[in-house]
Amino acid sequence: LVPGRLHPVDIIYSKEPVSNYVESAINIALKVHREEPLGDILLFLTGEEEIESACSRIKDGSRNVPNKEFPLVLPLYASLPPRDQQRVFRPAKNPNQRKIIVSTNIAETSVTIDGVVYVIDPGFVKQSQYQPERKMSALLVTPISKASATQRAGRAGRTRPGKCFRLYEESAFNDLLLEQTVPEIQRSDLGAVILLMLATGITDIVHFPFIDQPPIDQLSTALEELYHLGAV
C-alpha cells in the first residue's frame, strides 16, 4: 500500500482535439521531462503494442536532454511477466532519475505507484465489446468515462500535489464522456451467464432483476445461440 491522501491535482486540458493521441501523449511526456521538476510520470495507453512503441520513442527522445538524468522508462500491462511488472514499484537507484511508466488502465485502480506526480491521460481504453448482430466479441478502443478520468487524475495526487494532462478538451469531458464506465454485463456475451441461471432454476431470464440490466438484444441472442447448440 502507498500511504498518503488525495493532494491537489491541476487538470490541464488540450486546447484543441488531437489527431493522434499516441503521438501527442509521447510529446507531452517528453515536454514534462524537459520542463517540469523531478517527479514520476504515468502515461495511460490502451495496449501492449502502443505501450512498447511509446517506451522506445520516449527513450529515444530523452537522450541529450540538458541538465536531466536519462529517465527510467517502464511498461506496465497485464501480460508483462511479474518480474518486469514489479520494476515499476521500485524507486530508481539514482535519486535524480525520473521514472516514466507507460501503462494500460491496470494502473487506474488495480495498482498504486509511489512517486507519480504527473499523469498523461489520452482519454481512451481498450474494452471487450460484444456485438449481438455479429455474435462475436471484439476488443475495441473506446473513450473512457468521467469516473475513469477522475480516477486517473487522482493517481497524480497520492503523495504530493501533481498535474494531470488530459489530451482532450474540457468541453469533451463535460459533454461527451459517460458519467460511469459501462458495466461488463452490458457489453459481454451472456451465454455462459444464462446457462448458469437456467441450471440453478431461474427460468424468467428477461425479467430477472439484474443490478445492471443488460440490453434485451444481448439476452435474446444468447438464448438463441444456446437453443441452436442444444443447451436449452
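The side chains of E108 and R152 meet in a salt bridge, with N to O at 2.9 Å. By salt bridge I mean a side-chain nitrogen of Lys or Arg within 4 Å of a carboxyl oxygen of Asp or Glu. This pair links distant parts of the chain, since E108 sits in helix α4 (residues 106-109) and R152 in helix α5, 44 residues apart. Helices here are DSSP runs of H or I with at least four residues, strands are runs of E with at least two, and both are numbered from the N terminus.

Before going on, a word on the source: this is a predicted model, where local features need pLDDT of at least 70, side-chain atom pairs count only at pLDDT 80 or more, and totals for chains, interfaces and linings use all residues. Residues are numbered from 1 along each chain as its sequence is written, and side-chain values use heavy atoms, with hydrogens and water left out.

Back to the pair. Are E108 and R152 buried or exposed? E108 has a relative accessible area of 9%, so it is buried. R152 is at 0% and also counts as buried. The cut-offs are under 20% relative accessible area for buried, over 50% for exposed, and partly exposed in between, with a 1.4 Å probe and protein chains only. E108 and R152 are also linked with D121 in a network of salt bridges.

How many salt bridges does a search of the whole structure find? The count is seven. One of them joins E23 to R57, with the closest N and O atoms 2.8 Å apart. E23 lies in helix α1 (residues 21-35) and R57 in helix α2 (residues 48-62), so this pair ties together parts that are 34 residues apart in sequence. E23 is partly exposed at 31% relative accessible area, and R57 is partly exposed at 33%.

K31 counts as partly exposed, at 39% relative accessibility. As background, side chains of opposite charge can pair when their charged atoms come close.

Now the sheet. In what order do the six strands run? They form an open sheet in the order β1-β8-β5-β2-β4-β3, and the pairing is parallel. The edge strands, each pairing on one side only, are β1 (9-13) and β3 (72-76). From one strand to the next, the twist averages 15°. Two strands are taken to pair if DSSP finds at least two bridges between them.

β3 pairs with strand β4 (residues 99-103) in the parallel sense over five bridges. Within that pairing, V73 has I100 in β4 as its bridge partner, and P75 has V102. Although β3 is an edge strand, four of its five residues are buried, so it is largely enclosed by the rest of the structure.

Helix α5 (residues 146-154), the one that carries R152, lies across β1, β2 (40-44), β5 (116-121) and β8 (162-166). Its direction is at about 140° to β8. Axes are lines fitted to C-alpha atoms, for helices over the stretch in contact, and angles run from 0 to 180 degrees between N-to-C directions.

E169 is partly exposed, with a relative accessible area of 26%. Which residues does E169 contact, leaving aside neighbours within four places in sequence? They are Y13, S14, K15, E16 and P17. Contact means heavy atoms within 4.5 Å.

Last, the chain as a whole. Its secondary structure comes to eight helices and eight strands. The C-alpha trace spans about 70 × 40 × 35 Å along its principal axes. Of the 232 residues, 42% count as buried. Among contacts between residues at least 6 apart in sequence, 75% join residues at least 24 apart. That is where I will stop.
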